[in-house]
Amino acid sequence: RPDLLECPTWYVVLHPDTGRIVGCGGWTSHVPNQPENKQPHLRHFATDPKHARQGIGTLIWERTWRDICRDLGPQTRLEVFSTLTAVPYYESLGFVTVKRMEICLGSSPPVPFPSVLMERVPKE
């Protein structure tokens with residue numbers, strides 16, 4: 001996703017010794033591929049499997065949430081299209097499942113990819 005590389009609200013974590021990317025993620029103010037839908041959305045959170053369970057995802061989430069609170073306020077409702085394996089991670093951040101769905105990847109031909117629409121609604 002070259003557009004994410006240019007997005008100021010998408011972040012990478014570099015390994016301090018090698019400078020290699022070990023994690024990434026962020027957010028946009030709209031649903032992916034739907035710029036007219038102004039629902040804030042988490043985007044492409046991932047951690048290199050060799051560096052899993054070391055707090056990298058949490059570090060990215062904390063930066064993301066801090067920036068969302070600054071730009072949109074702490075009462076902002078968020079969405080994410082989660083992979084099936086990432087559902088527990090997003091649940092740990094307060095997201096709940098809305099529905100299972102498929103996202104089409106690619107264009108010729110598009111490949112259906114199982115996904116879960118999740119949302120995080122701030123507590124009153």
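Trainee: What should I know about the model before we start?
Mentor: The model is predicted, so local features need pLDDT of at least 70 and side-chain atom pairs count only at pLDDT 80 or more, while totals for chains, interfaces and linings use all residues. Residues are numbered from 1 along each chain as its sequence is written, and side-chain values use heavy atoms, with hydrogens and water left out.

Trainee: How many aromatic pairs does the structure hold?
Mentor: There are six aromatic pairs, where rings of Phe, Tyr and Trp (its six-membered ring) pair if their centres lie within 6.5 Å, and planes under 30 degrees apart count as stacked, over 60 as edge-to-face and the rest as tilted. One of them joins Trp61 and Trp65, which are stacked at 5.7 Å centre to centre with 15° between the planes.

Trainee: Where do Trp61 and Trp65 lie?
Mentor: Both lie in helix H2, residues 56-72, four residues apart, which is about one turn of the helix; helices (H or I, at least four residues) and strands (E, at least two) are DSSP runs, numbered from the N terminus.

Trainee: And are Trp61 and Trp65 buried or exposed?
Mentor: Trp61 and Trp65 are both buried, with buried meaning under 20% relative accessible area, exposed over 50%, and partly exposed in between (1.4 Å probe, protein chains only).

Trainee: Which residues form the aromatic cluster?
Mentor: Phe45, Trp61, Trp65, Tyr89, Tyr90 and Phe95 form one cluster.

Trainee: What sits over the ring of Trp65?
Mentor: That is the charged end of Arg120, 4.5 Å from the ring centre, the rule being that NZ of Lys or CZ of Arg is within 6 Å of the ring centre and within 35 degrees of the ring normal.

Trainee: Switching topic, how many salt bridges are there?
Mentor: The count comes to five salt bridges, each a side-chain nitrogen of Lys or Arg within 4 Å of a carboxyl oxygen of Asp or Glu. Among them, Arg70 and Asp67 meet at 3.2 Å, N to O, and both lie in helix H2, three residues apart. Arg70 is exposed, with a relative accessible area of 59%, whereas Asp67 is buried at 4%.

Trainee: What does Arg77 do with Glu119?
Mentor: Arg77 forms a salt bridge with Glu119, the closest N and O atoms being 2.7 Å apart. Arg77 lies in the loop between H2 and strand E4 (78-82) and Glu119 in strand E6 (residues 111-120), so the pair ties together parts that are 42 residues apart in sequence.
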